[in-house]
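Dear colleague,

I am passing on the structure that we spoke about, and my notes follow below it. Please read them with the model open beside you.

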Amino acid sequence: MASPELHVIHSLPKRGFTDHALFGMAVFVFTEVMLFAGFISAYVIVRNAVPPGLWPPPDQPRLPFERTALNTAALLASGVLVWVAHRASARRGPAAARLPLSLGLALGALFVVLQGAEWASLLHQGLTLSSSQVGAFFYLIIGTHAVHAVCALAILAWCWAGLVAGRFRPARFGAAQLLGSVVVLVWPGLWLVVYR
């Protein structure tokens, strides 16, 4: 027979420690951070194994580090605005999130468009997946980040559409903001390692 204490504990309402959407996104984000850590580790090992002066190969275009600073600024500003939108929705209600979320989405989209233009330019200059290890690593690492950026934008746009339609869900927005934050926070490391 069960003790009275156990009976009382089982009769209490069950509560989770966090929302399922947020927890699921946190698990996903952890695996994605590990994925990027693996990519960067492989890139650094291969780059450091090449004799000095031969990375990138002389016949390959140089990655546009300075020009990509503009893209980076747009993405970082986007992340800050999405964070502001999340705080505004928690403190003052969903309507307060509309403007910063709209601006954050616009800057995130600007980042993706500028990255696309950069890719087109690099492809035109001869940097492809098969042209060198630089091209292979660049398109693998930066391409994977681009896919994540587009997915984060799509999920944030879904939250924005819910906000506009009056069906805002804070837990969904929190999960979307977590993914967006990881996309934003991983980028400077990728930019500083891969583009230099």
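**Helix H5 and its surroundings**

Gly-166, which has a positive phi near 80°, follows H5; helices here are DSSP runs of H or I with at least four residues, numbered from the N terminus. This is a predicted model, in which local features need pLDDT of at least 70 and side-chain atom pairs count only at pLDDT 80 or more, while totals for chains, interfaces and linings use all residues. Residues are numbered from 1 along each chain as its sequence is written, and side-chain values use heavy atoms, with hydrogens and water left out.

At the start of H5, a side-chain oxygen of Ser-132 comes to within 3.3 Å of the backbone nitrogen of Val-134. The 32 residues of H5 should span 46 Å at 1.5 Å a residue, and the end C-alpha atoms are 46 Å apart, which agrees; the expected span is 1.5 Å times one less than the number of residues.

Within H5 (residues 133–164) lies His-148, which is buried, with a relative accessible area of 11% (buried means under 20%, exposed over 50%, partly exposed in between, with a 1.4 Å probe and protein chains only). The side chain of His-148 reaches the backbone oxygen of Thr-144 at 2.7 Å. Leaving aside residues up to four places away in sequence, His-148 touches Phe-28, Glu-32, Phe-36 and Val-183, where contact means heavy atoms within 4.5 Å.

Phe-30, by contrast, sits in helix H2 (residues 20–49) and is exposed, with a relative accessible area of 53%.

Best regards

Key: Helix = DSSP H or I, 4+ residues; strand = E, 2+ residues; numbered from the N terminus. Polar contact = N/O pair within 3.5 Å; in protein donor to acceptor, adjacent residues only side chain to side chain.
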